[in-house]
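Here is a model to read with its terms in hand.

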Amino acid sequence: MNVLIVEDDKLLADGLKSALERASYKVTHAGNGLVADQQLRAYEFDLVVLDLGLPDMDGLEVLRALRQRKQAVPVLVLTARDGMDQQIESLDAGADDYMEKPFDLRELQARVRALLRRGTAEIREKVELGSLQLDLFQRTATLDGKLLELPVREFEVLETLVLQSPRVVGKARLNQRLALHSEDIGPNAVEVYIHRLRRRLDLSGVFIRTVRGVGYSIENLK
Ligand code: CA
């Protein structure tokens, strides 16, 4: 597995590199955004660990350029502490996961493994589940060709479920996704949005199943 680490902090880059090499990955290091961009154009990687604050070309630009070229390599973004805006921006730009600095190397390794298991990133523009269609770029949903007027958080919940379908998505993960848009979400926020989505999807054949104590999955029953 080839991993590209994009990090201008030499010490951190060295630490990351040796941790990933110990886990038997082949690691390439780019110390600034331009070099990263060149590397990504020239070579195939299985995963990119991308710092956002970089000299020459910042991490978000590198990420946007990558996705514009339709390269689907999974990207794990490293953000500054309390970088909530950065996290949202990086997810919107096509990151698959993010970690806040400082982080535990073991957690990083676990996330790297998870991303590699999942394989290439989703850069599909549209996903369908039965009569439901989501446009991931426009952030809109239609049911039987009719536009659903979904508030942003409802869309987020629906998108998370549909992209994982038919796998079960943990409640914590949905909560985390909602927290990207606002910190003051109530303890029952997920239930509330699931309830609203179920009402919208009623009789469509697309069904949100509750898996007690775990989370939810969405399936097409037709
Ligand atoms: Ca940096």
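Q: Why is Asp104 called partly exposed?
A: The relative accessible area of Asp104 is 33%. Buried means under 20% relative accessible area, exposed over 50%, and partly exposed in between, with a 1.4 Å probe and protein chains only. Asp104 is therefore partly exposed.

Q: What kind of model is this, and how are residues numbered?
A: This is a predicted model, in which local features need pLDDT of at least 70, side-chain atom pairs count only at pLDDT 80 or more, and totals for chains, interfaces and linings use all residues. Residues are numbered from 1 along each chain as its sequence is written, and side-chain values use heavy atoms, with hydrogens and water left out.

Q: What makes Arg106 and Asp104 a salt bridge?
A: Their closest N and O atoms are 2.8 Å apart. A salt bridge is a side-chain nitrogen of Lys or Arg within 4 Å of a carboxyl oxygen of Asp or Glu. The pair therefore counts as a salt bridge.

Q: Why does Arg106 count as exposed?
A: Arg106 has 62% relative accessibility.

Q: How many salt bridges does a search of the whole structure find?
A: The search finds 17. One of them joins Glu21 to Lys17, with the closest N and O atoms 3.0 Å apart. Both residues lie in helix α1, four residues apart, about one turn of the helix. Glu21 is partly exposed at 37%, and Lys17 is partly exposed at 26%.

Q: Why are Glu107 and Arg111 separated by about one helical turn?
A: They are four residues apart in helix α5 (residues 105-118), which means about one helical turn. Helices (H or I, at least four residues) and strands (E, at least two) are DSSP runs, numbered from the N terminus. The side chains of Glu107 and Arg111 meet in a salt bridge at 2.6 Å, N to O. Elsewhere, salt bridges that share partners join Glu7, Asp51 and Lys101 into one network.

Q: What makes Asp8, Asp51 and Gly53 donors of the calcium ion?
A: Asp8 (OD), Asp51 (OD) and Gly53 (O) coordinate the calcium ion at 2.2 to 2.4 Å. Donors are N, O and S atoms within 2.8 Å of the metal, or 3.2 Å for Na, K and Ca. These atoms therefore qualify. Water is not among the atoms, so sites may look incomplete.

Q: Where along the chain do the donors of the calcium ion fall?
A: Their spacing is D-x42-D-x1-G. Asp8 and Asp51 link distant parts of the chain, 43 residues apart. Asp8 is in the loop between β1 (2-6) and α1 (10-22), while Asp51 is in strand β3 (residues 47-51).

Q: Why is Thr142 called buried?
A: The relative accessible area of Thr142 is 18%. The limit is under 20%, so Thr142 is buried. Thr142 is found in strand β8 (residues 140-143). Among the residues that Thr142 touches are Ser131, Leu132 and Leu147, not counting residues up to four places away in sequence. Contact here means heavy atoms within 4.5 Å.

Q: How do you know that β10 and β12 pair?
A: Two bridges join β10 to β12, which run antiparallel. Two strands pair if DSSP finds at least two bridges between them, so this pair qualifies.

Q: What makes β10 and β11 edge strands?
A: Three strands form an open antiparallel sheet in the order β10-β12-β11. β10 (169-170) and β11 (206-211) each pair on one side only. β11 pairs with strand β12 (residues 215-220) over six antiparallel bridges. β11 and β12 form a hairpin with three residues between them.

Q: Why is β12 largely enclosed by the rest of the structure?
A: Five of the six residues of β12 are buried, so the strand is largely enclosed.
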